[in-house]
Amino acid sequence: MRTLRQRHLDVASKATNGFVPIPFDRYVDLNVQNNPSVDRNEFVSRLREAVDARKAGARCACGALIWAIGSAEVGAACFTCITGEAWPDADYEIDEALGYTAIV
Ligand SMILES: [Zn+2]
């Protein structure tokens, strides 16, 4: 039973490419809390644009799908090109950009 559950989790985490899904509004709250100088409305529109682009299949110059959260900050690019890290490890991505519907 435990093995089956573990296998299930592995499949689930591979499906998200190592990203931790977070609802749009929750990430906005988090970002504004951590960066009090950020204009909330302006950030919402930037992030919304990046999420919509990702959902529409926007790709980085390298050919990978863009990372909506990073793209909201630095312009459309994938996780690897933005961070220099090969693979996300507990990095956030907006749930709907990953193909989830937020359960709130
Ligand atoms: Zn790239």
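Buried means under 20% relative accessible area, exposed over 50% and partly exposed in between (1.4 Å probe, protein chains only). This is a predicted model, in which local features need pLDDT of at least 70 and side-chain atom pairs count only at pLDDT 80 or more, while totals for chains, interfaces and linings use all residues. Residues are numbered from 1 along each chain as its sequence is written, and side-chain values use heavy atoms, with hydrogens and water left out.

**View 1. Four cysteines coordinate the zinc ion.**
The SG atoms of Cys60, Cys62, Cys78 and Cys81 coordinate the zinc ion at 2.3 Å (donors are N, O and S atoms within 2.8 Å of the metal, or 3.2 Å for Na, K and Ca; water is not among the atoms, so sites may look incomplete). The angles among the four donor atoms run from 103 to 116 degrees, and the site is tetrahedral (four donors with all angles between 85 and 135 degrees). Along the chain, the donors have the spacing C-x1-C-x15-C-x2-C. Cys62 is in the loop between α3 (40–55) and α4 (68–74), and Cys78 is in the loop between α4 and α5 (79–83), so this pair ties together parts that are 16 residues apart in sequence (helices, H or I, of at least four residues and strands, E, of at least two are DSSP runs, numbered from the N terminus). Cys78 counts as buried because its relative accessibility is 3%. Cys60 also counts as buried, at 7%. No disulfides are found in a search of the whole structure (two cysteine sulfur atoms within 2.5 Å).

**View 2. Tyr27 and Tyr92 form an aromatic pair.**
The structure holds five aromatic pairs (rings of Phe, Tyr and Trp, the last by its six-membered ring, with centres within 6.5 Å; stacked if the planes are under 30 degrees apart, edge-to-face if over 60, otherwise tilted). The ring centres of Tyr27 and Tyr92 are 6.3 Å apart and the planes lie at 65 degrees, so the pair is edge-to-face. Tyr27 belongs to helix α2 (residues 24–34) and Tyr92 to strand β2 (residues 91–94), so that the pair links distant parts of the chain, 65 residues apart. Tyr27 is buried, at 11% relative accessibility, whereas Tyr92 is partly exposed, at 36%.

Trp67 is in the loop between α3 and α4 and Phe79 in helix α5, 12 residues apart. Ring pairs join Phe19 to Trp67 and Phe79 in a cluster.

**View 3. Arg46 and Glu73 form a salt bridge.**
The structure holds seven salt bridges (a side-chain nitrogen of Lys or Arg within 4 Å of a carboxyl oxygen of Asp or Glu). The closest N and O atoms of Arg46 and Glu73 are 3.7 Å apart. Arg46 lies in helix α3 and Glu73 in helix α4, so the pair ties together parts that are 27 residues apart in sequence. Arg46 is partly exposed, with a relative accessible area of 28%, and Glu73 is partly exposed at 44%.

**View 4. Glu96 and Lys55 form a salt bridge.**
In this salt bridge, the closest N and O atoms are 2.7 Å apart. Glu96 lies in the segment after β2 and Lys55 in helix α3, 41 residues apart. Salt bridges with shared partners join Arg48, Asp52, Lys55 and Glu96 into one network. Within it, Arg48 and Asp52 have their closest N and O atoms 3.3 Å apart. Lys55 is partly exposed, at 47% relative accessibility.

Note on methods: Four donors count as tetrahedral if all angles lie between 85 and 135 degrees; four count as square planar and six as octahedral if opposite donors are over 155 degrees apart and all others between 65 and 115; anything else is irregular.
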